[in-house]
Amino acid sequence: MLSNQSIRALVIARQHIHSPWAGDLPSLISHLGALQLDAIQRITRAHHHQLYNRLPRYREPQLARAEQRREIFEYWSHAAAYLPMEHYRYARVRMDRIREGQRHWFEKNARLCRYVLDRVRAEGALKASDFVTAKGGWWAWSDEKKALEQLFHEGELMVSRRDGFQKVFDLPERLLPSHIRTDTASDLDYGRHLVRTFLRCQGIGRVEEIAYLRRHDRPLIAGAVEKMLQSGEVVPQGKELLLAEDAACAPGRAPRRVRLLSPFDPLVLQRKRLQRLFDFDYQLECYLPAHKRRYGYFCLPILYGERFVGVADLKADREGGVLRIEALHWRDAPGAALTASFNRALGQFARFHGLASEVVALEPG
């Protein structure tokens with residue numbers, strides 16, 4: 001049985017936060033399984049932040065170039081995400097379900113979907129604003145935008161690129177590389193894919209964690225786990241599961257240095273798991289009314305080695321040219337080594353955003 005310390009070390013090692021990913025951007029996304037997208041730009045969007053922490057010398061244009069080269073594509077994982085192009089056949093499982101009637105966000109308007117699809121087929125790649133001139137908010141989509149999104153979730157359209165943060169849609173046959181398999185994965189193959197991808201990236205986990213935000217996939221995941229336990233591909237660790245090749249794994253201790261994580265980072269995304277494995281109670285508070293926030297609008301977890309030592313509420317002040325600390329909360333008063341590592345991480349993070357300086361707060365909040 002792995003000790004609690006060994007489990008934490010394994011999870012950290014598999015995340016490639018302290019040990020940078022040695023391959024390229026598409027292979028990193030393949031390892032992670034998905035790169036979650038998010039529109040909040042308090043500092044930088046979540047997908048860029050996750051790559052910054054794992055890829056040496058990452059710069060934001062690299063992600064768009066990988067999409068243009070059709071090495072990755074945008075679809076739905078546990079949430080909106082970039083996926084490796086070679087995983088397209090696994091995405092087909094959900095596409096088929098939506099096309100066969102599984103509801104996503106709204107009722108399908110078949111007539112409008114046909115109209116929208118015909119225009120894309122005739123005119124080439126289009127975005128929602130090419131259909132209507134009126135602008136609405138995030139929750140005030142036009143009927144044409146709803147039709148585009150429905151066709152996207154059905155797999156009848158793909159995202160060619162983003163214009164700003166607006167999706168530009170085109171036909172899959174114009175975008176999919178010729179070597180990519182387009183047949184739908186079987187239930188067992190899809191379930192095994194989800195299990196292997198999660199455990200390869202996360203090191204250890206439970207069925208409910210593998211099925212996080214995937215209620216329609218849970219039966220397939222449970223069935224795959226049963227088969228994989230029988231074959232010895234997966235082994236139990238108490239209530240946990242891990243890949244057989246990791247059962248005797250003894251990763252070394254993580255270096256004592258600070259990493260500032262995105263609230264949407266795969267290491268911290270599942271808050272109950274985070275509490276269980278790392279004894280860290282964390283919540284993203286930007287969705288809460290101001291009077292209910294404990295720590296700040298957009299607090300980033302502070303990872304120091306294998307411990308979460310606090311949160312920092314940061315904001316990119318583009319006009320002032322600084323990365324501003326709105327609030328800083330330590331679990332325990334920081335020593336000299338932690339303070340120095342935090343300031344180095346903050347400086348590096350500021351430079352990544354093209355900010356000339358950063359406001360440093362050393363006192364515990």
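Visitor: How many bridges join strand β9 to β10?
Guide: Helices (H or I, at least four residues) and strands (E, at least two) are DSSP runs, numbered from the N terminus. Two strands pair if DSSP finds at least two bridges between them. Strand β9 covers residues 299-304 and runs antiparallel to β10. The bridges joining the two number six.

Visitor: What pLDDT do local features need in this predicted model?
Guide: Residues are numbered from 1 along each chain as its sequence is written, and side-chain values use heavy atoms, with hydrogens and water left out. The model is predicted: totals for chains, interfaces and linings use all residues, side-chain atom pairs count only at pLDDT 80 or more, and local features need pLDDT of at least 70.

Visitor: Which residue takes a positive phi in the hairpin of β9 and β10?
Guide: Across these strands, Ile302 stands opposite Gly310 in β10. Two residues lie between the strands of this hairpin. The positive phi, near 65°, belongs to Gly305.

Visitor: Which residue in the turn between β10 and β11 has a positive phi?
Guide: Eight bridges join β10 to the antiparallel strand β11 (residues 322-330). Among the facing residues, Asp313 stands opposite Ala327 in β11. The hairpin has four residues between its strands. The turn residue with a positive phi, about 75°, is Gly321.

Visitor: How many residues of strand β10 are buried?
Guide: Buried means under 20% relative accessible area, exposed over 50%, partly exposed in between (1.4 Å probe, protein chains only). Strand β10 has 11 residues (307-317) and is largely enclosed by the rest of the structure, because the buried ones number eight.

Visitor: How many aromatic pairs does a search of the whole structure find?
Guide: Rings of Phe, Tyr and Trp (its six-membered ring) pair if their centres lie within 6.5 Å; planes under 30 degrees apart count as stacked, over 60 as edge-to-face and the rest as tilted. By that rule, the number of pairs found is 11.

Visitor: How far apart in sequence are the parts tied by Tyr52 and Phe352?
Guide: The two ring centres are 4.6 Å apart and the planes meet at 35°, so the pair is tilted. Tyr52 lies in helix α3 (residues 46-52) and Phe352 in helix α13, so the separation of the parts is 300 residues.

Visitor: Is Phe352 buried or exposed?
Guide: Phe352 has a relative accessible area of 11%. That value makes Phe352 buried.

Visitor: What type of pair do Phe152 and Phe169 form?
Guide: Phe152 is buried at 3% relative accessibility, and Phe169 is buried at 1%. Their ring centres are 6.1 Å apart, with planes at 65°, so the pair is edge-to-face.

Visitor: Which ring does the charged end of Arg119 sit over?
Guide: A charge sits over a ring if NZ of Lys or CZ of Arg is within 6 Å of the ring centre and within 35 degrees of the ring normal. The charged end of Arg119 is 4.5 Å from the centre of the ring of Phe131.
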